[in-house]
Amino acid sequence: MAKLGSVKTGPRIFVSHLAGKAIFDQDGDQVGRVRDVIVQFGFGGERPRVLGVVGEVTGKRRVFLPITRVTAIESGQVISSGLINMRRFQQRPNETLVLAELLDRRVRLVSGAAGRDEVQIKDVAIEQTGPGDWEVAKAYVQHPAKGLRRRGESSIVDWEALGGVSVPDPGQQEAAALLATFEQMRAADVARAVHDLNPKRRGEVVAALDDERLADVLEELPEEDQVEILARLEIERAADVLEEMDPDDAADLLGDLPIEEAERLLELMEPDEAAPVRRLLSYSDDVAGGLMTSEPIILPPDATVAEALARIRMPELSPALASQVYVCRAPLETPTGRFLGIVHFQRLLREPPATLVSAAVDNGIEPLRPEQPLHDVTSLMATYNMVAAAVVDGSGHLLGAITVDDVLDHVLPSDWRHRNLHHDVEED
């Protein structure tokens with residue numbers, strides 16, 4: 001079993017052993033089979049990083065499953081943490097398919113007892129290095145035949161022992177060096193670096209970033225940069241990136257585009273991803289409905305404190321969204337059933353794990369209505385020292401939540417991101 005949540009290095013898995021294995025969704029239903037694994041070569045001898053799995057679903061359609069959405073590789077089965085995007089897979093220039101493109105490639109050994117023998121790659125092993133992080137660790141290679149032997153001997157070597165597997169051109173090397181640096185940076189800092197790049201280098205970096213990372217960076221850029229980058233993407237990829245963005249940020253970006261272009265992108269998005277964005281676009285951006293996110297942490301009243309704490313530990317949540325959970329009757333996707341109240345994370349820490357969240361609900365603060373103006377939102381949050389607030393319709397259904405960062409985006413000057421990107425220059 002290779003759990004992706006472990007901290008230590010996980011077991012090695014040879015990619016050829018995954019071919020044809022079943023892919024299951026979070027409900028345990030088989031949705032397809034593994035056809036290949038996608039990797040991206042690093043810079044300066046770094047091991048190739050696994051980006052995801054190519055799966056084949058109904059109708060022989062090939063789709064992309066990001067490695068960050070794989071929760072386990074167990075008994076030869078790949079298990080996904082959520083719904084699989086059914087849009088047809090399209091390979092990008094910086095991506096390599098292991099089975100289709102890497103196997104049978106001839107390379108030279110640059111270390112070890114075999115000196116500089118030419119070998120043929122017959123298989124590669126991927127290894128987990130952290131939650132959602134896998135890399136190519138080993139290669140199973142075949143040596144040239146010697147003497148009367150029809151086949152050469154085989155061996156397993158470290159990936160670093162292979163030379164000439166990938167030789168990027170100078171432009172690709174520079175972009176790869178930037179990407180290696182960006183991996184350790186916060187999205188806001190990457191946004192600053194991307195903003196300062198010349199158009200050619202910016203295009204290379206944007207093309208190389210995966211959809212999830214690009215979505216995070218776009219959310220931190222000024223509106224004009226967002227629009228410019230989105231316009232340069234192939235429209236199918238632009239829709240993929242919008243799906244990875246928070247619904248409120250995606251709605252803000254689409255609101256800056258011509259209506260026809262925004263509608264075309266919404267039509268290309270998966271229906272369940274586009275629906276909340278469409279709802280947010282129906283509100284003005286200076287009222288509660290236009291400020292909220294439609295994806296807060298929502299739990300039923302019979303959920304336990306332990307379940308709630310597990311949800312707020314999810315690393316992709318912002319601190320503001322993780323500050324409280326929203327307790328509602330089914331359905332649990334916005335708009336929900338009847339909204340019962342909120343539970344602050346500090347209260348969760350004080351309760352026994354088996355306690356039901358319904359026993360810790362705070363319903364003493366009147367939730368916001370979607371039509372209330374920004375002034376009402378800021379007044380409520382300031383009065384009760386809140387970092388997030390519920391937005392409920394007239395029938396008592398939860399529509400979403402407003403976080404303090406959403407409010408700051410609208411109370412700061414409209415060009416605050418531009419000023420922030422250039423503050424170092426101004427200080428000099």
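Two strands count as paired if DSSP finds at least two bridges between them, and helices (H or I, at least four residues) and strands (E, at least two) are DSSP runs numbered from the N terminus. With that in hand, here is a friendly tour of a predicted model, in which local features need pLDDT of at least 70, side-chain atom pairs count only at pLDDT 80 or more, and totals for chains, interfaces and linings use all residues. Residues are numbered from 1 along each chain as its sequence is written, and side-chain values use heavy atoms, with hydrogens and water left out.

**The chain as a whole**

- The chain holds 18 helices and 19 strands.
- Of its 428 residues, 46% are buried, where buried means under 20% relative accessible area, exposed means over 50%, and partly exposed lies in between (1.4 Å probe, protein chains only).
- Contact here means heavy atoms within 4.5 Å; among contacts between residues at least 6 apart in sequence, 57% join residues at least 24 apart.
- The accessible surface comes to about 21900 Å², with 50% of that belonging to carbon and sulfur atoms; accessible areas come from the Shrake-Rupley method with a 1.4 Å probe, and for residues only the protein chains shown count as cover.

**A three-stranded sheet**

- Strands S15, S16 and S17 make an open sheet in the order S15-S16-S17, with mixed pairing.
- Its edge strands are S15 (298-299) and S17 (339-344), each of which pairs on one side only.
- Strands of a sheet pair through backbone hydrogen bonds, either parallel or antiparallel.
- In this sheet, S15 runs parallel to S16 (residues 324-328), and the two are joined over two bridges.
- Across that pairing, Ile 298 stands opposite Tyr 326 in S16.

**Salt bridges**

- A salt bridge is a side-chain nitrogen of Lys or Arg within 4 Å of a carboxyl oxygen of Asp or Glu, and by this rule the count comes to 15.
- One of them joins the side chains of Arg 47 and Glu 127, at 3.9 Å from N to O.
- Arg 47 lies in the loop between strand S4 (30-40) and strand S5 (49-57), while Glu 127 is in strand S11 (residues 118-130), so this pair ties together parts that are 80 residues apart in sequence.
- Lys 122 and Asp 104 form another salt bridge, their closest N and O atoms being 3.0 Å apart.
- Lys 122 sits in strand S11 and Asp 104 in the loop between helix H2 (98-102) and strand S10 (106-109), so the bridge ties together parts that are 18 residues apart in sequence.

- Within helix H5 (residues 199-208), Glu 204 and Arg 201 lie three residues apart, about one turn of the helix, and they form a salt bridge with closest N and O atoms 2.0 Å apart.
- Glu 204 is partly exposed at 22% relative accessible area, while Arg 201 is buried at 13%.
- Arg 202 is also found in helix H5 and counts as buried, at 11% relative accessibility.
- Leaving aside neighbours within four places in sequence, Arg 202 is in contact with Val 194, His 195, Leu 197, Asp 225, Glu 228 and Ile 229.
- His 195 and Leu 221 are 26 residues apart in sequence and 7.6 Å apart in space, C-alpha to C-alpha.
- Leu 221 lies in the loop between helix H6 (211-218) and helix H7 (223-232), where it is buried with a relative accessible area of 2%.

**A covered helix**

- Helix H8 (residues 235-244) is mostly covered, with seven of its ten residues buried.
- Those buried residues are Arg 237, Ala 238, Ala 239, Asp 240, Val 241, Leu 242 and Glu 243.
- Their cover includes H5, H6, H7, helix H9 (247-255), helix H10 (259-268) and helix H11 (271-281).

**A nonpolar surface patch**

- Val 387, Val 404, Leu 408, Val 411 and Leu 412 form a nonpolar patch on the surface, with about 360 Å² of accessible area together.
- Patches are made of residues with over 30% relative accessible area and no salt bridge, where like charges are joined within 9 Å and nonpolar side chains (Val, Leu, Ile, Met, Phe, Trp, Tyr) within 5 Å.
- Leu 412 is found in the loop between helix H16 (404-411) and helix H17 (416-421), and counts as partly exposed at 36% relative accessibility.
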